[in-house]
Amino acid sequence: MSLLAVSRLRLSWAPERELSMPPPALLKRPDRLVLGPAAGQGRPDRLQCQGLKAVNKISLSSQPGEHVSFVSVFTTYSSDPAGAGKRSSDVVTVGKHFYSKEERSMAILNTFIRFIQVSMPRSDVIILTDPKSKLSINQGKASILPIEGNYSRGNLMLQRIKSYIAFLELKLEEVDCVNCARHFVFTDSDMAVVEDLGHIFTSYPNWHLALTFRNNKGQPLNSGFIAVRGARDGISKAIEFFNEVLKAYNLKYMKASRMLGDQLALAWVVKSYLSSAFGKFSRHETFTGEVNGASVLFLPCEVYNWTPPEGAGQFHGMPLDVKVVHFKGSRKRLMLEAWDFYNSTSQLSDMLCLILKSGRTKYDF
């Protein structure tokens, strides 16, 4: 990569160890990516990087896959009408783009859609949102579906489950034959799909819904990725499953942190019907099990919901078969930086090296 390209990305190298750190009060929010060593180097099953070049390329499918609809809940919140928040300290620069606080969440959503358009061009994106929201999208196969509910910040995770149920009930009415299939993947909008996911519907044919797991005792299931087979039986079983999760949320986890309640309820439902699954989460292997009559496919997070190394238990590099990168929490700026890098190079594997080397840096975004 040329020095010009590196300068454009505003990258700098961070030493592996720092002898001293200034007091927290003196630390400033970073205005650029700070690259460190890439985890997993020397392991043949992990992405190997020399600088920002991938030595062993991630295997990317060249064949068109199944038609999959990606579904995500997203809403906007009113900002200060007087324009507070437009201070220069609130502006984040990514490449040639400048984002105010009000623009960042929309930039993340648009980037989520763009990654899908690159990796799965046959697929469409459906955004479930508050009918009162002024959300608008002008990107290819992306559309908005308003669904009534309480989308306030404190209630958003609970509302997300309700919106999923309402959406699936609408789709169940549209299915005109038993085996007709238009599959669905329900995701967070801070994810980058970097490989075609259609294979999970063909390689593993006998399941109704799919969940992603990790070796994390407190939160073993991540609700940011849930797939549903689009046949009538798959949609029906998914509706029943989500209703179980909703019931558990209302009864047990209303006082949980606003971002954790749904994951705790999800784990509680699975454990209630299939406690043996929890003994398999440390193996990082795909398996199936039955949860209240629904056949559930369990997919490892390290492939289908991989988080840059800041995440719990994921410090062993990036698997060569990674399909989805999740920029949860403080990593959202990195998602925009990654897209800016890809947009200038068209090299997904090299972009993944950028993500891998940047994963330990937090951003106030």
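Leu-209 stands opposite Val-296 in S15. The two strands concerned, S12 (residues 209-213) and S15 (residues 294-300), run parallel and are joined by five bridges. Two strands count as paired if DSSP finds at least two bridges between them. Helices (H or I, at least four residues) and strands (E, at least two) are DSSP runs, numbered from the N terminus.

The model is predicted: local features need pLDDT of at least 70, side-chain atom pairs count only at pLDDT 80 or more, and totals for chains, interfaces and linings use all residues. Residues are numbered from 1 along each chain as its sequence is written, and side-chain values use heavy atoms, with hydrogens and water left out.

**The sheet and the helices on it**

Eight strands make up an open sheet of mixed pairing, in the order S9-S8-S5-S10-S13-S12-S15-S14. Its edges are strand S9 (142-146) and strand S14 (287-291), each of which pairs on one side only. On average, and with direction ignored, neighbouring strands of this sheet are turned by 25° against each other.

Helix H3 (residues 156-174) lies across strand S5 (68-73), strand S8 (124-129), S9, strand S10 (183-187) and strand S13 (221-228), and runs at about 170° to S10. Helix H6 (residues 261-273) also packs on the sheet, where it touches S12, S13, S14 and S15; the direction of H6 makes about 70° with that of S13. Contact here means heavy atoms within 4.5 Å. Axes are lines fitted to C-alpha atoms, for helices over the stretch in contact, and angles run from 0 to 180 degrees between N-to-C directions.

**Helix pairs**

| Pair | Angle | Axis separation |
|---|---|---|
| H2 and H8 | about 45° | 10 Å |
| H5 and H6 | about 115° | 8 Å |
| H3 and H5 | about 155° | 9 Å |

Angles under 35 degrees count as roughly parallel, over 145 as roughly antiparallel, 65 to 115 as roughly perpendicular and the rest as oblique. A crossing is left-handed if the near helix is turned anticlockwise from the far one by less than a right angle, and right-handed if clockwise. For residue classes, Ala, Val, Leu, Ile, Met, Phe, Trp, Tyr, Cys and Pro count as nonpolar, Asp, Glu, Lys and Arg as charged, and the others, Gly among them, as polar.

H3 is roughly antiparallel to H5, and the crossing of the two is left-handed. Residues of H3 in this contact include Met-157, Leu-158, Ile-161 and Ile-165, and those of H5 include Arg-232, Ile-235, Phe-242 and Leu-246. By class, the contact of H3 with H5 has 14 nonpolar, three polar and four charged residues.

H5 (residues 232-252) meets H6 as well. These two helices are roughly perpendicular to each other, and H5 passes H6 in a right-handed crossing. Among the contact residues are Phe-241, Glu-244 and Ala-248 of H5 and Gly-261, Asp-262, Leu-266 and Trp-268 of H6. The contact of H5 with H6 has 10 nonpolar, one polar and three charged residues.

Helix H2 (residues 101-119) packs with helix H8 (residues 332-345). H2 is oblique to H8, and their crossing is left-handed. H2 contributes residues including Ile-108, Phe-112, Arg-114 and Phe-115, while H8 contributes residues including Lys-332, Met-335 and Trp-339. The contact of H2 with H8 has nine nonpolar, one polar and two charged residues.

**The disulfide**

With a disulfide taken as a pair of cysteine sulfur atoms within 2.5 Å, the count comes to one. This disulfide joins Cys-49 to Cys-353, with an S to S distance of 2.1 Å. The torsion about the S-S bond is about -95°, so the disulfide is left-handed. Cys-49 lies in strand S3 (residues 49-50) and Cys-353 in helix H9 (residues 348-358), so the pair ties together parts that are 304 residues apart in sequence.
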